[in-house]
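Student: I would like to learn how to read strands, helices and cores in a model of this kind. Could you take me through them one by one?

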Amino acid sequence: MSRSVAIVGAGPAGMAAAIEAVARGARVTLIDEAALPGGQIYRQAHPSLPGADFADAGESARKAELLRRFRAAAEAIDYRPGTAAYALFGNGELHVAAGAATEVLRPDAVVLATGVREVAVPFPGWTTPGVMFAGGAQALLKAQRVPPGREAVVAGCGPLPLVVAAQLARAGVAVKALALLRPLRQMAADPAALWQGRRLVFEGMRYGRSLRQAGVPRLTGHVPVRALGEDRLTGVVLARVDAEGRPVRGSEHEIACDLLALNYGFAANSELVAMAGARMRRDPIGGWLPEVDEFGRTSLPGVFVAGDGAGLRGALVAEAEGGIVGAAAASGAGDDALRATLGDAFARRRQWAAFQRAVRGTLRVPAGLWSLAADDTVVCRCENVALRDIREAVAGGHRSLNAVKRNVRSGMGWCGGRICLPAIAALAELHGGVPPDAMMTPRPMVRPVTFAALAAQQKARSA
C-alpha cells in the first residue's frame, strides 16, 4: 500500500517534495497558509491583478518552471491552501486549521518545509507604522502589486536589502538610501563558493545596476538607529557603526521617508519540529534548527525537514533538497538505493550550498547592534514588553528564555514569539548573560486558531 505523506509549506522545498513524493506513488497532502503556492520567494499575485513583481528575469524563469512542474503533478496532490498547521506531536500527529474547522492528520510521514522568518533588531521607533520587514515590502509588490511607500530607506545585511531596494526602485518608489551593515563584495573572500553561485551573482549585479540607474545612494557600514514620527513614519536617523556594531558618535544623519524596509537575516520556522520533541541545535545564523541527516530525517521517526527550516541556504538549495526529502518520505527504499536515483538533486544541493558559504558571512549580526534598543524600546510587540522588563527579569534571576517568558509574557502573544524570539535571546544574553542555547518551548497553537474551529475538529485520519 502506498505511503501517506503530509507536507507543510508550499514554497520551493514543499512543492519539490510534493512533486517527488507523488512521482514515487505516495498519497500527498500539501498544507499551506497562503492562497497560492510559491512561498515568499515565488509568491504569486492573483491572476486578475495587472502588473509585474519586478523580479529579475532569472528568478522569474525559475519560478515559472517550478510552478509548471507543480501544476503538472497537482491532480495527484491533496493541495490545501489557506490552511495552517498549528501543532505536531512526537507520534507524527499533525493538527491543521482551515476556516472554521480543524482536523487531525496521521500520515506515515510528515515533511516540514516551513521556511524562515525575518529577524528584526529593535531600536527606538521601530514599531512606528511605516517601518516593516524588507520581505514584507517585497510581498506587497509580488502579491498585491502595490508599492508600500513613496519614499523609502532600505537597510540591513545580506543580499535581500539590495534586491528589495532595486525592486522598489523599479516599481517607481523613490529609494532615498540603501544602508548595508557590511559590503556585499565581502562574499568575494571565498571565490570558489562565489563561482558556484555565479548565476545569482549576475542577478545581483543587475539589481545593483537598477539602483545606480535610479541614483540610489549606498551607505555601507550604516544602520537605522531611530525612526521618526508618531502616527506614521516621517524619517529615519542613520548612523555609522564600528566593527562591533555600535554607533559611532557624531555620524548620525536624518533622511525623510515614509517607508523603512529592514532585514537583518532570518530565523528558521522550527516551532513545529521542536514541539514534536526533535533534537535541536542553535545556529548563530538561522536560529534553532533540528538535527537532520542527508535525507532530512530528524530524530523523530517519520518526521522530516526540508529547505531553510533545516538551515538557511536559499531557495535553490531548498528546491533540490525538497526532492531528496520528498523521495525519502515517500519511499521505503534504503539510503543507497535512494542516492542512486537522486544523484542530480544531491549535486545541485552541493553546488548551491557551497555558494551559500559566501553569503553566510554577510548575514552575521554583531553583538553591539543589539545595544540600539533603549530601556523603553518595545521588544515583544504582542505583549508590549520593553527592554526594561527583560533586563529586570534576568536581573531577578530568570536565567533562561522560558523563565523570561513566564515572568514578563514575552513570546506569549499573537505571533507566539516568531517576531521577538531572536531579539529576546540576543538581549537577554547581552544584558544578563542568559545562554540562548535552548529556545522558548513552543506549545500548541503555534498559529492562531479560534475556539470555534477547535470545537469543530474533525476526526483523525491518515493524510
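Tutor: We shall go through the sheets, then the helices, then the cores. This is a predicted model, in which local features need pLDDT of at least 70 and side-chain atom pairs count only at pLDDT 80 or more, while totals for chains, interfaces and linings use all residues. Residues are numbered from 1 along each chain as its sequence is written, and side-chain values use heavy atoms, with hydrogens and water left out.

Student: Which order do the strands of the five-stranded open sheet have, and in which sense do they pair?

Tutor: Strands of a sheet pair through backbone hydrogen bonds, either parallel or antiparallel. Helices (H or I, at least four residues) and strands (E, at least two) are DSSP runs, numbered from the N terminus, and two strands count as paired if DSSP finds at least two bridges between them. Here the order is E3-E2-E1-E7-E20, with parallel pairing. Strand E3 (77-80) and strand E20 (303-305) stand at the edges, each with a single partner strand, so one side of each has no neighbour in the sheet. The twist averages 15 degrees from one strand to the next; for such angles, axes are lines fitted to C-alpha atoms, for helices over the stretch in contact, and the values run from 0 to 180 degrees between N-to-C directions. Strand E2 (residues 27-31) is joined to E3 by four bridges, and valine 28 has isoleucine 77 in E3 as its bridge partner.

Student: Which helices lie on these strands?

Tutor: Helix H1 (residues 12-23) lies across strand E1 (4-8), E2, E3 and strand E7 (109-112), at about 165 degrees to E2. Helix H8 (residues 314-330) also packs on the sheet, touching E1, E7 and E20, and its direction makes about 170 degrees with that of E20.

Student: Where do I find antiparallel pairing?

Tutor: An open sheet of three strands, in the order E13-E14-E15, is paired in the antiparallel sense, and its edge strands are strand E13 (222-228) and strand E15 (253-256), each pairing on one side only. The twist there averages 30 degrees from one strand to the next. Strand E5 (residues 94-98) and E6 are likewise antiparallel, over five bridges, and form a hairpin with two residues between them, where glycine 99 in the turn has a positive phi of about 60 degrees. Four of the five residues of strand E6 (residues 101-105) are buried (under 20% relative accessible area, against over 50% for exposed and partly exposed in between, with a 1.4 Å probe and protein chains only), so E6 is largely enclosed by the rest of the structure.

Student: Why is helix H3 described as largely enclosed?

Tutor: Eight of the eleven residues of helix H3 (residues 134-144) are buried, so the rest of the structure largely encloses it. These buried residues pack against helix H2 (57-73), strand E8 (116-118), strand E9 (131-133), helix H4 (160-170) and strand E16 (259-263). After H3 comes arginine 145, with a positive phi near 60 degrees.

Student: How many residues does the largest nonpolar core have?

Tutor: A nonpolar core is a set of buried Ala, Val, Leu, Ile, Met, Phe, Trp, Tyr and Cys residues joined through side-chain atoms within 4.5 Å. The largest one has 55 residues, and those with the most contacts inside it are Val223, Leu260, Leu369, Leu401 and Ile424. Helix H13 (residues 421-432) supplies the largest share, seven residues. A second, separate core of 36 residues includes Val5, Met15, Ala73 and Ala330.

How values were computed:
Contact means heavy atoms within 4.5 Å.
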